[in-house]
Amino acid sequence: MRAEFRVAAPIRRTSLSACRSLLRTLFRNPSFVIIYSAIISDGFGWRYHLGLDPPSTEIPVPRDFEVDTGFLLVFAASDGQSHAYGLDKLNSLAVVVDSEEAKNTTKIKQLLCWLSSIGIKYIILYDMQGVLKQTIGIDLESLTNTSMTPCSVIDAKTASSLFHFGKMAIEIISLSDGKEGVAKAASFLYSEHMKDDSEICHRSEPDFTESDVANALKATGSAGDEPDLLLVYGPARCHLGFPAWRLRYTEIVHMGRLRSMNFAAILYVCQVIR
Amino acid sequence: MEKHDRKPESNIFASVWRFLRRCLFLVLSLGPMPNHIAFIMDGNRRYAKRRNAEEGSGHGVGFTTLTSICQYCYEMGVKYVTVYAFSIDNFKRKPEEVQSLMDLMKEKIDELLEEESIVQKYGFRINFWGSLDLLSEPVRLVAEKAMTHTANNTGPVLSVCMAYTSTNEIMRAIKKSCARKSSRPQGYVNCDGESVCADINSYVTVADVEENLDTADCPDPDIVIRTSGETRLSNFLLWQTSLSHLQNPSPLWPEFSLRNLIWAILEYQKIYPYLEARRRLTKKEN
């Protein structure tokens, strides 16, 4: 079901509060979350009027604006819902999507809605070809004003594609963050090793440990949370090159094709695996 | 590996069963066959517990299953079989259990080198992957002996991961890559005669790491099977399994039979077109 709201500009607070009440009602009832996929007004304007920031005076908004509502549900949804579903211990969850299926951005956004509604604090989205970075990533970037520029060693503290929505974080990665990330970390370790050795002619064999590699991955911006659960959407149960260092003890569950995803299956898997 | 003489009736049954298997595998081979299957042999302890048997007995039955599965894979034309025998994390178990596993591994590796074993019968080449220096000396020596003895075999390849984790393997590959780079400095010499290194991000490439992994001589697995229904990879071949079909059948490892293996291959054949398309796309982009 899709609900489309068209509001005349400037937006009056009364009409906004009516829409807000409707959204909250829809949101509180999980069955509505399943079927809910709405398109409403400009995300930035709504953010103000849902009370997340101090409400300002009437904000003039152009007529016939449309933006996905999924991220607004992220804001309102993530408080306390994980407790309601008994999923407190499920801290982070990854979703691997086949790149062809990842082009269906509506489904991806709906999936994000559902995951936020059950209170997942950290979501990692992955596809091989980087389709999600180009679609969802761009949308999230504009909503949160976060830069998606790849991080270098120097400004490594800046996450490359990590977006924060209130208490929830969404990270979008692709194949280039996997093996190439490890190669970058290896190059970093090598450069550090070369600095330590004083004579070029007598290079000792490096004495790296797994912790050194993990630290190098952090330094080069290729590290991140290890998800507790990885949902695979596609024709086959494959992790499609998800970063090796983050997949060590992750439970991997094949959910079938993205087009036939359903909320009950996700909730069931999350509750079984927790 | 029976040492006593077989009765003629059991020889007939064995021959009939071998003939039926050959017919079955012939039909199976009408579809795409995997070249490399990897197994996470999970469930040995649970098997012994369920049967109220002695704690280490499940591993003994598990070894018999391993030899049967290797034989079936050979008969089907699967060239590479990899098994996850002992993880570095398993050293955290009780010392008595770890010691009994070491003793069992030594005993079974010695058995594999005997005349009547499948290794000699089918010409298996054996690899041991992992940080072998973490193993007790008798096990390490017998493993090295097995690798040396079978190095020239041209049959199927059995790779046994012992004292192994994927992150440890990647770390060792990075060490080897850096050591090799150190011996041939990269970059150029500037006007002052100082050695200036090239772009930091290209010192070590993905190819450098891959050629120094334990699995460098082996193609990536087509199927990874973890028995007992567990869904984790537990730090096994994480680098090599990007496009591997991950399967987690319910039977415990000692219960894993030919029927389960055939089902695994049928499942693989169903999604083979998809995996092959992804492999071609990845090769094209590289």
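## Interface between chains A and B

Chain A and chain B bury about 4,100 Å² between them, 66% of it from carbon and sulfur atoms (buried area is the accessible area, 1.4 Å probe, that two parts lose on being put together, summed over both). A:Lys179, A:Tyr190 and A:Arg237 supply 18% of the area that chain A buries against chain B, more than any other three residues. The contact (heavy atoms within 4.5 Å) takes 41 residues from chain A and 45 residues from chain B.

## Basis of the model

This is a predicted model, where local features need pLDDT of at least 70, side-chain atom pairs count only at pLDDT 80 or more, and totals for chains, interfaces and linings use all residues. Residues are numbered from 1 along each chain as written, chains are lettered from A in the order written, and side-chain values use heavy atoms, without hydrogens or water.

## The chain A side

α10 (179-196), α11 (210-219) and β9 (251-256) of chain A each supply at least two residues of the side that touches chain B. Helices (H or I, at least four residues) and strands (E, at least two) are DSSP runs, numbered from the N terminus. α10(A) gives the most to this side, with 12 residues.
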